Amino acid sequence: MRLLKVATCNLNQWAMDFDCNLKNIKQSINLAKQAGAVIRHGPELEITGYGCEDHFLELDTINHGWECLKEILEGDWTDGILCSIGMPVIIGSERYNCQVLCFNRKIIMIRPKMWLANDGNYRELRWFTAWKHKDQLVDFQLPCEIAEAISQKSVPFGYGYAQFLDTAVAAEVCEELFTPIPPHAELALNGVEVFLNASGSHHQLRKLDVRLRAFIGATHTRGGVYIYSNHQGCDGGRLYYDGCSCVVVNGEVVAQGSQFSLKDIEVVFAQVDLDAVASLRGSISSFQEQASYNNTVSSVLVPYKLCQPFSMQMSLSSPLKINYHSPEEEIAFGPGCWLWDYLRRSGASGFLLPLSGGADSSSVAAIVGCMCQLVVKEIDNGDEQVKADAIRIGNYTDGQFPADSKEFSKRIFYTVFMGSENSSEDTKKRARELADEIGSWHLDVSIDGVVSALLSLFQTLTGKRPCYKVDGGSNIENLGLQNIQARIRMVLAFMLASLLPWAHSKPGFYLVLGSSNVDEGLRGYLTKYDCSSADINPIGSISKQDLRAFLRWAAIHLGYSSLAEIEAAPPTAELEPIRSNYSQLDEVDMGMTYEELSVYGRLRKIFRCGPVSMFKNLCYRWGSRLSPVEVADKVKHFFKYYSINRHKMTVLTPSYHAESYSPEDNRFDLRQFLYNSRWPYQFRKMDELVKELDGNEVAFGETSKSRVNGVEMGVVAAGSGDPKSGL
């Protein structure tokens with residue numbers, strides 16, 4: 001037997017905070033060495049942090065990376081342990097995203113990333129060059145200070161692997177695993193048994209299974225030990241990196257880290273037998289045949305052994321059941337951990353939330369409540385860093401610290417019900433009950449006086465006073481009156497966030513939380529610069545349907561029973577007067593249901609459908625109950641309001657990224673914001689298709705499947721299952 005003990009990490013790094021990042025790296029190496037591991041694997045770009053973005057273009061960032069690596073190599077951190085460390089490296093005039101393999105205070109080789117992530121939230125080609133020379137390792141001259149410090153002038157640089165006396169180890173960086181021909185396939189045929197995948201992979205609802213299937217598939221038919229490391233936490237932007245570092249042996253997961261955690265450092269260990277890899281490969285005839293004539297990959301000889309022989313004192317890691325969170329748990333824990341990182345790193349003393357008593361703001365309140373529960377739980381588990389942060393943020397003195405989530409919430413969380421004459425007693429009561437359950441410092445405020453003052457000012461200026469539509473006013477008057485209320489709430493929220501701490505003799509300031517969901521953003525069903533405008537928004541990329549499922553879950557599992565009543569209530573903005581024959585409802589206002597919005601969003605973004613393609617696919621999906629004319633009218637209605645309101649996305653509050661059809665304009669969904677909202681050419685094409693279909697009397701609804709871009713899709717309830725598997 002060739003026994004090998006390995007360690008991989010979830011690290012909560014912070015972009016451009018080199019002290020924080022270096023401390024975490026050193027501590028993870030120390031924990032790996034204490035456990036007897038001979039390989040320590042860290043996440044992609046762990047020295048700088050993954051989310052540096054245009055800071056990668058600064059030479060300071062590169063230089064500071066080398067300075068941190070020098071400090072690691074000058075100490076005893078790499079003595080007797082192979083460390084894979086991620087950092088940017090410049091060779092010649094090109095900048096590369098690299099894994100640096102270090103052992104015994106030397107650099108064995110530097111492996112640049114060959115296939116860069118450049119879709120969705122990723123923009124690696126903006127900052128890095130892909131390494132294209134697969135056939136050779138070049139000699140890289142180390143920076144002078146590094147060379148002098150470690151007495152090593154140069155190092156092999158490029159695509160290759162480290163050949164130890166008893167095994168071979170290679171790096172495969174994040175995106176490379178998901179390419180059509182991943183490097184591990186060729187490396188396995190060259191005899192590499194241990195693969196180190198360094199990643200900067202962010203959370204997205206229902207995404208973890210896709211990732212784990214890739215790790216399992218990489219070694220199921222080829223054999224091997226696949227070691228995955230990832231960042232965990234908010235490193236300074238909209239993304240939450242969701243950890244889940246793991247070790248997979250011959251297609252079976254033998255070690256798995258947490259997906260969501262408040263810990264800065266989590267090290268996962270596994271003890272494996274490399275003879276099991278050799279045995280599996282030797283039993284597969286096709287593997288043997290392909291290995292006999294494969295392309296030779298360059299290697300670096302390292303004259304040391306990593307493995308230990310058979311010993312009864314060492315036990316092997318056994319296959320385990322993969323831990324998956326439900327989507328409702330993901331909504332609770334992912335945004336909850338993201339909020340904690342943002343709070344403790346921003347210097348703020350807490351959060352303020354305009355709590356309307358509706359589903360969206362109540363979801364945000366529940367997520368903050370979940371965050372408080374996680375903090376207290378982690379303190380109970382002995383995490384000194386979480387404890388120190390909580391003491392500072394909560395302004396505890398005399399050795400006190402959070403021991404109860406409701407008491408902690410009272411210190412760091414304001415909720416404000418900003419009622420008007422259009423608000424119902426039901427929503428006011430729901431907001432108050434939820435605030436009591438969570439423990440927030442709750443306020444009831446009437447905005448009627450401010451609204452009246454503004455309307456009086458307008459009347460003085462123009463001689464006119466607008467009326468609501470139910471009172472005989474026009475659509476313009478009706479919309480204007482609603483927007484006044486919404487925008488007053490935004491101004492009031494920011495005023496309270498800055499002054500309430502002072503009024504209550506608390507230090508610092510509070511962050512304002514937004515609560516618009518992804519579907520409202522897609523449709524533009526929000527007032528520009530209303531309570532959707534905040535400092536951050538933990539639910540801005542989560543669908544209404546997922547939020548309602550989360551509320552049902554949270555009512556039971558978080559202990560906030562009032563959420564069940566909130567979820568059951570019909571969604572309403574409560575910006576118009578309530579009459580015996582009229583009550584404002586969101587779906588009526590929008591002219592579409594939230595379920596329909598999810599379908600439109602997935603077709604538009606995930607399956608890249610324009611108006612005509614969307615019409616064709618919805619004819620199949622909805623043809624059993626709607627005529628082609630009705631389908632066309634729905635598609636036109638959506639695209640009309642989507643394009644009219646697209647400009648609102650340019651000022652959308654920074655939101656936690658969770659959904660693959662997010663319309664977030666900053667980096668994920670890049671489109672114009674000034675449209676011809678009549679879509680004359682596209683809508684004309686749809687009208688022609690409708691006439692043709694009506695003329696041919698085509699029977700719709702005979703099939704429940706359609707094809708989008710060559711992908712066959714069954715009728716799947718919007719928001720359920722893997723978002724990549726259907727509509």
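I started with the contact between two helices. In H20, I found Glu596, Val599, Tyr600, Leu603 and Arg604 meeting Met614, Asn617, Leu618, Arg621 and Trp622 of H21. Contact here means heavy atoms within 4.5 Å. I sorted these residues into 6 nonpolar, 1 polar and 3 charged. Ala, Val, Leu, Ile, Met, Phe, Trp, Tyr, Cys and Pro count as nonpolar, Asp, Glu, Lys and Arg as charged, and the others, Gly among them, as polar.

I noted the source next. This is a predicted model, where local features need pLDDT of at least 70 and side-chain atom pairs count only at pLDDT 80 or more, while totals for chains, interfaces and linings use all residues. Residues are numbered from 1 along each chain as its sequence is written, and side-chain values use heavy atoms, with hydrogens and water left out.

Then I looked up the geometry. H20 covers residues 594-606 and H21 covers residues 611-622; they pack at about 135°, with axes 11 Å apart. That makes the pair oblique (roughly parallel is under 35 degrees, roughly antiparallel over 145, roughly perpendicular 65 to 115, and oblique the rest). Axes are lines fitted to C-alpha atoms, for helices over the stretch in contact, and angles run from 0 to 180 degrees between N-to-C directions. Helices (H or I, at least four residues) and strands (E, at least two) are DSSP runs, numbered from the N terminus.

My next pair was H10 (residues 359-380) and H17 (residues 544-557). Their angle is about 55° and their axes are 10 Å apart, so H10 and H17 are oblique to each other. Ala359, Asp360, Ser362, Ser363, Ala366 and Ile367 of H10 meet Lys544, Leu547, Phe550 and Leu551 of H17. I sorted this contact into 6 nonpolar, 2 polar and 2 charged residues.

I turned to single residues. Is Thr8 buried or exposed? Thr8 is buried, at 0% relative accessible area (buried is under 20%, exposed over 50%, partly exposed in between, with a 1.4 Å probe and protein chains only). Thr8 sits in strand E1, residues 3-11. A polar atom of its side chain lies 2.7 Å from the backbone oxygen of Tyr228. Beyond four places in sequence, Thr8 contacts residues including His41, Ser245 and Glu266.

Last, I checked Ile484 in helix H15, residues 475-503. Ile484 is partly exposed, at 24%. Ile484 touches Val451, Leu454 and Leu455, leaving out residues up to four places away in sequence. Its C-alpha atom is 9.4 Å from that of Thr527, 43 residues apart along the chain.

Notes
A polar contact is a pair of N or O atoms within 3.5 Å; within protein, one must be able to donate a hydrogen and the other to accept it, and residues adjacent in sequence count only if both atoms are side-chain atoms.
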